[in-house]
Amino acid sequence: MEQTSILDFNEKKGFICDMDGVIYHGNRILPGVEEFIRWLHEENKDYLFLTNNSGSTPRELHQKLARMGLDVPEEHFYTSALATAAFLKEQAPGCSVFAIGEAGLLNALYDAGMTMNDVNPDYVVVGEGRTYTLDTLTKAVNLVLGGAKLIGANSDVSGPIENGLAPACRALVAPIEMATGTQAYFCGKPNPLMMRTGLRLLDCHSNEAVMVGDRMDTDVISGMESGMSTVLVLSGVSTRETLKTYAYRPTVVLNGVGDIPVMAQAGK
């Protein structure tokens, strides 16, 4: 573990954690995660798993962790799909959308009062998912050319899976942007709207909270720009080598979240 400045985890009230590459890879739990979650509960820390993956609902994420032996209630999850739905509800209540994505995105949009429309929608909304085909891509391009505004659930280019990387939302939106000459607006991390919502859900001020993630370009920068202490874990995308290419630094670099309770115990 490498420390760039002092960070006392015992003093912090809230923890906002990424999931892919921090808690699990695919369907494999990462080392030290059970100890970290046990520590959060034992120390009565407020915590939120904030994921840029728009495909799953909080209930599905709860069930996914349950299958891995972790009991994390639904209210501890916040996704880029929920952030996208909240943004659209604020901007254009009751608007219509053409959505490309999984249940997590569709449910969030329905719950926020959006209707589905593949003729003349107000917005084209893109998340990750297996429904992405050349047909849906072509449809989305022509709807944007017809005046629909383009929204991406998050700006991740790729995400870790068990046997490598999978293209993520930013990579899936790029062909629509290129074909239409239109720039998408992205609602997930590092958009400060998502981070501020996370802090509000935790009832936490930024200086009382820690952002824990595996990516410099979404997790660390979003925590830093929101005024939080930041932890980069080396269990996902970013490495010590890629760390050197950024002009900003995390507060602390750790091998994984299991180092957090160890450091907290040492600091008592």
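Q: Is Arg215 buried or exposed?
A: This is a predicted model, in which local features need pLDDT of at least 70 and side-chain atom pairs count only at pLDDT 80 or more, while totals for chains, interfaces and linings use all residues. Residues are numbered from 1 along each chain as its sequence is written, and side-chain values use heavy atoms, with hydrogens and water left out. A residue is called buried under 20% relative accessible area, exposed over 50%, and partly exposed in between (1.4 Å probe, protein chains only). Because Arg215 has a relative accessibility of 6%, its class is buried.

Q: Which residue forms a salt bridge with Arg215?
A: A salt bridge here is a side-chain nitrogen of Lys or Arg within 4 Å of a carboxyl oxygen of Asp or Glu. For Arg215 the closest N and O atoms are 3.2 Å apart, and the partner, at 34% relative accessibility, counts as partly exposed. That partner is Asp217.

Q: How many residues apart are Asp219 and Lys189?
A: Asp219 and Lys189 form a salt bridge whose closest N and O atoms lie 2.7 Å apart. The two come from distant parts of the chain, since Asp219 belongs to helix α8 and Lys189 to the loop between β13 (185-186) and α7, where helices (H or I, at least four residues) and strands (E, at least two) are DSSP runs numbered from the N terminus.

Q: Which residue is linked with Lys189 and Asp219 in a network of salt bridges?
A: Asp219 is buried at 1% relative accessibility, and Lys189 is likewise buried at 1%. These two residues belong to a network of salt bridges that also includes Asp18.

Q: What is the N to O distance in the salt bridge between Arg130 and Glu102?
A: Arg130 is exposed, with a relative accessible area of 74%, whereas Glu102 is buried, with 18%. Their side chains meet in a salt bridge, and the distance, N to O, is 3.4 Å.

Q: How many salt bridges does the rule count?
A: The pairs described above include Arg215 with Asp217 and Arg130 with Glu102. By the rule for salt bridges, the count comes to seven.

Q: Which residue in β12 stands opposite Pro160?
A: Strands pair if DSSP finds at least two bridges between them, and β11 and β12 pair in the antiparallel sense over four bridges. The two strands form a hairpin with two residues between them. Opposite Pro160, the residue in β12 is Leu165.
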